[in-house]
Amino acid sequence: MKKLLFAVLSSAALYACGGPSETPIDTPPTVDENLQSETERLNEWFEVKFEEELAFSPIALTRLGRKEQYDQIDDFSDAGADEKLAWMLETTVDLKNNFEYDQLTDNGKISYDLWLYRVDRERRNASHRRQVYALHQHNGLQSFFPTFLINTHRVDSAEDFETYITRISGVAGALDQLLVRAQLNAESGVRPPRFSYEGVIQQSTNIISGAPFDDGEPSALYKDMLSKIDGLTHYGAIDDDRGEELASMAATALTDNLAPAYQRIIDWFEEDLPNSDESAQGAAALPSGESFYDHRLWVNTTTELTADEIHQIGLDEVARLRAEMEAIKNEVGFEGSLQDFFAFIREDDQFYFSNDDAGAQDYIDAAAAHIEALKPLLPEYFGILPKADLEVRRVEPFRERPGAAQHYRAGTPDGSRPGIYYAHLSDMRAMSIPSLEVIAYHEGLPGHHMQISIAQELEGIPTFRTQARFTAYSEGWGLYSEYLAKEMGAYEDPYSEFGRLTSEIWRAIRLVVDTGLHVKGWSEEEARQYFFDNSPIPEGAVISEVRRYLVNPGQATAYKIGMIKILELRAKAKAELGDAFDIRGFHDTVLGGGAVPMSILETQVDNWIAELQAG
């Protein structure tokens with residue numbers, strides 16, 4: 001099967017007899033050879049620039065499984081952001097001055113366009129820097145840092161552990177930089193809602209609670225550090241005396257460096273809390289709020305769709321999906337309205353595991369089982385398959401929030417760290433069994449784990465493309481994969497199919513609610529009510545969801561817009577190719593070039609269609 005993104009343009013060498021020696025006569029390179037040569041030269045340039053870009057982010061290096069700058073943390077100051085942007089703008093000048101776009105292969109043009117798109121995105125982001133909340137309750141950086149150290153900073157030697165300790169100081173410095181940004185935002189009239197202040201205070205307090213900060217059980221960070229020391233002593237990398245020394249150094253770093261930085265955040269947020277709005281307002285209430293929200297829609301959907309257009313798409317999709325939910329309600333013989341059925345799903349005990357640690361483990365086990373059951377079917381739908389392992393885990397206690405959205409964290413390209421599907425399970429009444437199966441597919445296979453792992457494992461394209469992130473693409477794929485799982489034979493139980501529809505209408509509701517909150521003046525209560533009126537999503541999850549949209553404007557619109565575009569491209573390919581359409585080829589085209597904006601994805605699919613039509 002031809003695959004667009006792995007196609008290599010080549011031509012046979014041309015030879016002619018040139019006398020007794022029969023030496024090949026030199027001939028000018030063919031057009032294809034010129035294209036390939038220029039593209040190879042460009043790809044070499046991209047590799048150099050990607051390494052330069054990585055140098056700005058020790059975190060990104062560690063995520064890739066590399067140990068350069070292993071004792072450092074990124075610069076989160078405005079000055080650091082300005083330096084990175086200046087470098088990115090310089091690369092565009094270099095790119096345009098040194099490479100001829102018309103002399104590139106189709107794949108080379110995609111790489112060229114993608115680089116410029118990323119630079120433009122960063123340039124536009126910079127103009128809205130003061131409007132982005134520096135710290136907030138939804139996966140904010142204050143909770144990211146401990147998660148990163150625990151799950152991503154691998155310790156294979158005493159030296160690695162020493163860098164862990166040094167990184168603690170780096171995290172403290174980064175927290176101070178983020179606090180400065182939060183203070184500058186507040187001075188310009190940009191504050192997250194009061195619930196977000198309270199969330200930051202609570203999460204920060206949780207992180208510095210327990211030993212060695214107080215007399216309680218070991219905190220999550222200290223427990224992890226002690227576990228890594230035990231690993232070093234168990235395998236003979238260090239002796240017990242060195243282990244005790246490292247444990248003492250770790251405790252000192254936590255109490256003397258990290259705790260004061262978190263306390264400074266707690267103190268300022270508590271002091272400024274009375275200045276925050278108890279009644280949450282959307283982006284339109286911020287300085288230049290409407291232009292900021294338009295920008296956020298562009299960033300997250302990678303389209304030019306307006307807020308009004310997205311709102312209407314959401315209304316239309318909600319109406320369509322409600323009709324499908326009505327059909328399931330009738331299929332199971334439920335007597336009553338759809339609202340009554342929502343209440344039944346939301347409240348009946350049969351749809352929940354027990355609200356304790358045992359129930360949480362039951363949830364993890366069931367999610368893993370669904371993923372495993374689907375694995376054998378993947379080769380029927382994909383030519384490219386991920387090599388990386390996948391684990392299903394409960395979120396760490398210090399950042400676990402009732403009803404918060406489940407999420408995926410990528411592993412390393414070499415497979416040394418698996419991808420992880422995380423579930424928030426502190427409130428099992430916010431995690432219904434009917435929705436369990438569909439979420440497992442979205443976060444695991446054939447969803448995020450497949451898409452991101454394949455991207456990281458790709459060969460034949462510039463490395464920067466294997467690490468690119470575009471929300472509409474990745475979350476659009478995640479939602480598309482839920483639908484694809486149905487085509488693969490999943491959701492045999494009608495309640496699980498209802499769970500799939502619940503997940504899809506959830507994303508359609510997001511289009512309505514996100515735009516409603518940020519440009520149409522909806523209150524938090526109105527947004528919640530729209531959820532309750534159109535879905536069986538538990539109250540805890542609804543509260544968490546609406547508050548997520550309020551601190552991260554536009555992000556929630558990416559899912560459905562991305563899914564719709566992927567389905568449109570699939571329908572287009574089917575219509576134009578007819579019997580020549582192959583679902584494996586389509587999926588390999590979508591996944592085989594890494595994450596891209598929707599406009600570039602359309603170009604990739606168009607190129608694939610044209611290639612097949614050309615024979």
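The crossing of helices H17 and H22 is left-handed. This description, like those that follow, refers to a predicted model. Two packed helices are described by the angle between their axes and the distance between the axes. For H17 (residues 471–487) and H22 (residues 583–591), the axes come within 12 Å and cross at roughly 160°. Angles over 145 degrees count as roughly antiparallel, and H17 and H22 are therefore roughly antiparallel to each other. On the H17 side, the contact involves Tyr473, Trp477, Tyr480 and Leu484. These residues meet Ile583, Phe586, His587, Val590 and Leu591 of H22. Sorted by class, the contact of H17 with H22 comprises 8 nonpolar residues, 1 polar residue and no charged residues.

A second pair of helices is formed by H5 (141–151) and H7 (residues 194–207). The axes of H5 and H7 come within 9 Å, with a crossing angle of roughly 25°. Because angles under 35 degrees count as roughly parallel, H5 is described as roughly parallel to H7. The crossing of H5 and H7 is left-handed. Gln142, Ser143 and Pro146 are the contact residues of H5, and Val200, Gln203, Ser204 and Ile207 are those of H7. By class, the contact of H5 with H7 contains 3 nonpolar and 4 polar residues, and no charged residues.

Apart from residues up to four places away in sequence, Arg129 touches Asp78, Ala81, Asp82 and Asn185.

The model also contains an open sheet of 3 strands, arranged in the order E1-E3-E2 with mixed pairing. Strand E1 (390–394) and strand E2 (407–409) are the edge strands, each of which pairs on one side only. From one strand to the next, the twist averages 25°. Strands of a sheet pair through backbone hydrogen bonds, either parallel or antiparallel. The pairing of E2 with strand E3 (residues 419–423) is antiparallel and extends over 3 bridges. Within this part of the sheet, Tyr408 has Tyr421 of E3 as its bridge partner. Helix H13 (residues 357–374) packs on the sheet and touches E1 and E3. The direction of H13 makes about 160° with that of E1. Helix H15 (residues 448–457) likewise packs on the sheet, where H15 touches E1, E2 and E3. The direction of H15 makes about 25° with that of E2.

Pro446 lies in the loop between helix H14 (436–443) and H15. Pro446 has a relative accessible area of 0% and is therefore buried. Leaving aside neighbours within four places in sequence, the contacts of Pro446 include Leu374, Leu378 and Phe382. Trp477 and Leu484 are also among the contacts of Pro446, and both of these residues belong to the part of H17 that meets H22. Between Pro446 and Arg510, which stand 64 residues apart along the chain, the C-alpha atoms are separated by 22 Å.

Key. Residues are numbered from 1 along each chain as its sequence is written. This is a predicted model: local features need pLDDT of at least 70, side-chain atom pairs count only at pLDDT 80 or more; totals for chains, interfaces and linings use all residues. Side-chain values use heavy atoms; hydrogens and water are left out. Helices (H or I, at least four residues) and strands (E, at least two) are DSSP runs, numbered from the N terminus. Contact means heavy atoms within 4.5 Å. Axes are lines fitted to C-alpha atoms, for helices over the stretch in contact, and angles run from 0 to 180 degrees between N-to-C directions. Angles under 35 degrees count as roughly parallel, over 145 as roughly antiparallel, 65 to 115 as roughly perpendicular and the rest as oblique. A crossing is left-handed if the near helix is turned anticlockwise from the far one by less than a right angle, and right-handed if clockwise. Ala, Val, Leu, Ile, Met, Phe, Trp, Tyr, Cys and Pro count as nonpolar, Asp, Glu, Lys and Arg as charged, and the others, Gly among them, as polar. Two strands pair if DSSP finds at least two bridges between them. Buried means under 20% relative accessible area, exposed over 50%, partly exposed in between (1.4 Å probe, protein chains only).
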